[in-house]
Amino acid sequence: MHFPARVTLIEVGPRDGWQAESILISTPDKIALIDGLSASGLRAIQVTSFVSPVRVPQMADAEAVCAGIARRPGVEYSGLALNLRGVERAAGARLDKVDISSSASDTHSRRNTGMGLEDAAREVHAMAARARALGLRVRAGVQCAFGCAYEGGVDPQRVLNLLRGLVACEVEEVLLADSTGMANPAQISRMLEAALPILGEIPLVLHLHDTRGMGLANVMAALEQGVSRFDTAFGGLGGCPFIPGASGNIATEDTLHMLAEMQIATGVRLAAVAAVSARMALLLGRALPGKRNHLALQPEAP
Ligand code: MG
């Protein structure tokens, strides 16, 4: 089997993880945690989202976080936007990249953005154009690409058509998101076989959740297809805070561990990420769901 020699992990805990937390994390704590992550060797970090502070109070300090973090050379800092206003805020906060997407599920799309599928896809194209005009790199994606909590199965042809639209926008990176952890490895393989030829040279990122325990198996299926970019969250943040042990995003540490054991390079020090997770667990007052972050207190391997 041929796997990529090197994999890039995009750390999304500060966005996808923290937005799931009911405890408000202070701006100085957020800044210290993000700086800890950027010091670990991670080369891409999604630091916030530019959304309504009424709908997502945790992200009300987006600009202050962006202004406070140390901008480490070689690290790409990104933020998520749901509309043109969010894209403009991301540019104003001097981020490198903006993350935009529409959904393959009509119900999810209406609940998340108030727009049906086609209107949302049109909005993404307008957002990509605005981002480029403002000097931002663009990652554009499809949410609920492998299933939807409201609708169940999602037609793969719908996903592929959305991808064709994103390719036409000439974005820097394309994302397929298993937003609620419904994908299985066989489904990942089938989707990638159809999707990768459409994307050509545009890199694909997979955003996976471990909700049903299939997260790393899905990474494995994607590695076999040559995919080398994955969203992960330190400590496995992103689970529901009210369900003990509920899994969120695939954990950065667990993914790093598997890749290291498979001799796939990442450039990231697992122990440094796990130390950030240990501070996070103290702030939240509970253990985080990842497996390998609990080894934070063990001496780091040379
Ligand atoms: Mg997510």
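Lysine 30 forms a salt bridge with aspartate 61, with the closest N and O atoms 2.8 Å apart; the term covers a side-chain nitrogen of Lys or Arg within 4 Å of a carboxyl oxygen of Asp or Glu. This pair links distant parts of the chain: lysine 30 is in helix H2 (residues 27-38) and aspartate 61 in the loop between strand E2 (44-50) and helix H3 (62-68), 31 residues apart. Helices (H or I, at least four residues) and strands (E, at least two) are DSSP runs, numbered from the N terminus.

This is a predicted model, where local features need pLDDT of at least 70 and side-chain atom pairs count only at pLDDT 80 or more, while totals for chains, interfaces and linings use all residues. Residues are numbered from 1 along each chain as its sequence is written, and side-chain values use heavy atoms, leaving out hydrogens and water.

Here is how some of the paired residues sit; buried means under 20% relative accessible area, exposed over 50%, partly exposed in between (1.4 Å probe, protein chains only).

| Residue | Relative accessibility | Class |
|---|---|---|
| Lysine 30 | 3% | buried |
| Aspartate 61 | 15% | buried |
| Arginine 229 | 27% | partly exposed |
| Glutamate 173 | 4% | buried |

Glu173 and Arg229 also belong to one network of salt bridges with shared partners, together with Glu76, Lys97 and Arg137.

Now for helix H10 (residues 252-261): 7 of its 10 residues are buried, so the rest of the structure largely encloses it. Its buried residues pack against strand E1 (8-11), helix H9 (215-224), strand E8 (229-232) and helix H11 (270-284).

How values were computed: Contact = heavy atoms within 4.5 Å.
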